[in-house]
Amino acid sequence: MSSSPRGTSSHGTPSPRRLGRRGFLGSAAIGGATIVGASALGALDADAAFAAPGPSLDPAVTGVFAEGRIGAIRGGMLHVAGSLGETHRIQLTNATSVWKVRPTVVDAIEVGDGLYARGVRMPDGSIAADAVWVNIVNLYTEIRGLTKDRIHLSHHDHELVGRVVPETAASYAGGALTADLTRLRIGQPAQVLGAWRPSDGSVDVVRVTVGH
């Protein structure tokens with residue numbers, strides 16, 4: 001994904017209906033009920049959610065994408081309200097990989113979460129997901145404060161709390177990722193990749209990039 005999510009509510013918390021929206025292109029449906037694993041459609045890390053859709057590793061499989069907020073979970077089927085008013089049915093399978101701050105299990109997905117899903121279109125119109133990124137955000141911010149376990153940020157003039165988690169890493173001026181956050185400075189523009197917490201509007205920071 002090349003663009004960043006820009007959704008915030010009037011109270012400064014990220015708006016779940018606009019989280020990370022980037023106009024995914026869902027194209028042709030496949031003819032058969034093919035369930036594929038992650039290896040057929042591409043990478044699973046957090047960056048893969050923001051990458052431009054690439055060609056499938058299996059030329060017989062055409063990937064589609066969906067985004068939105070989960071309204072219900074019924075028997076492995078996620079019922080999702082898209083940010084443009086559309087609805088999606090996302091089928092989880094034993095081949096589905098899930099990212100929620102870190103690779104995790106299907107049971108970590110909850111009603112109210114936002115998501116990106118990648119998979120293949122089924123004949124009934126649902127999407128069999130090979131990968132789901134839960135609550136993922138890519139934000140352009142300014143650092144407003146630093147504590148041991150928090151990075152206080154400004155995003156479109158709204159305050160945002162970034163939580164430091166075990167996965168948190170920084171990249172300085174295009175350098176390699178490091179767990180050393182001591183070079184972060186108040187006033188720096190920072191790109192933050194992480195996972196939004198619907199409960200309080202904070203973000204678990206997976207990566208913070210400065211000087212890029």
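**Exercise 1. Count the aromatic pairs in this predicted model.**

Let's start with the rule. Rings of Phe, Tyr and Trp pair if their centres lie within 6.5 Å. Run that over the structure and the count comes to 0 aromatic pairs.

**Exercise 2. Find what lies over the face of Tyr-172.**

Step one: pick the kind of partner to look for. A charge sits over a ring if NZ of Lys or CZ of Arg is within 6 Å of the ring centre and within 35 degrees of the ring normal. Step two: look at Tyr-172, and you'll find Arg-183 over its face, at 4.1 Å from the ring centre.

**Exercise 3. Work out the order of helices and strands in the protein.**

Begin with the tally: 1 helix and 12 strands.

**Exercise 4. Trace how β2 pairs with β1 and with β3.**

Take β1 first. Residues 64–74 make up β1 and residues 77–81 make up β2, and the two pair in the antiparallel sense over 5 bridges. The hairpin between them has 2 residues between the strands, and Gly-75 there takes a positive phi near 55°.

Next comes β3, residues 87–91, which runs antiparallel to β2 and is joined to it by 5 bridges. This hairpin has 5 residues between the strands, with Gly-85 at a positive phi near 95°.

To finish, follow His-79 in β2. Ala-72 stands opposite it, and its bridge partner in β3 is Arg-89.

**Exercise 5. Describe the largest nonpolar core and say which element gives the most to it.**

Here's a bit of background: in soluble globular proteins, nonpolar side chains tend to be buried together.

Step one: list the members. The largest core has 16 residues, and those touching the most other members are Ile-143, Leu-153, Leu-184, Val-192, Val-203, Val-208 and Val-210.

Step two: see where the members come from. The elements giving two or more residues are β8 (136–146), β9 (150–155), β10 (158–172), β11 (189–196) and β12 (203–210). Of these, β12 gives the most, with 4 residues.

Step three: zoom in on Val-208. Leaving out residues up to four places away in sequence, Val-208 touches Ala-169, Ala-170, Ser-171, Leu-184, Ala-190, Gln-191 and Val-192.

Step four: check for another core. There's a second, separate one of 15 residues, including Val-64, Leu-78, Val-98 and Val-132.

**Exercise 6. Find what share of the residues counts as buried.**

The protein has 212 residues, and 48% of them count as buried. As for the surface, the protein exposes about 9,900 Å², with carbon and sulfur atoms supplying 53% of it.

Terms used:
Residues are numbered from 1 along each chain as its sequence is written. This is a predicted model: local features need pLDDT of at least 70, side-chain atom pairs count only at pLDDT 80 or more; totals for chains, interfaces and linings use all residues. Side-chain values use heavy atoms; hydrogens and water are left out. A nonpolar core is a set of buried Ala, Val, Leu, Ile, Met, Phe, Trp, Tyr and Cys residues joined through side-chain atoms within 4.5 Å. Buried means under 20% relative accessible area, exposed over 50%, partly exposed in between (1.4 Å probe, protein chains only). Contact means heavy atoms within 4.5 Å. Rings of Phe, Tyr and Trp (its six-membered ring) pair if their centres lie within 6.5 Å; planes under 30 degrees apart count as stacked, over 60 as edge-to-face and the rest as tilted. Accessible areas come from the Shrake-Rupley method with a 1.4 Å probe; for residues, only the protein chains shown count as cover. Two strands pair if DSSP finds at least two bridges between them.
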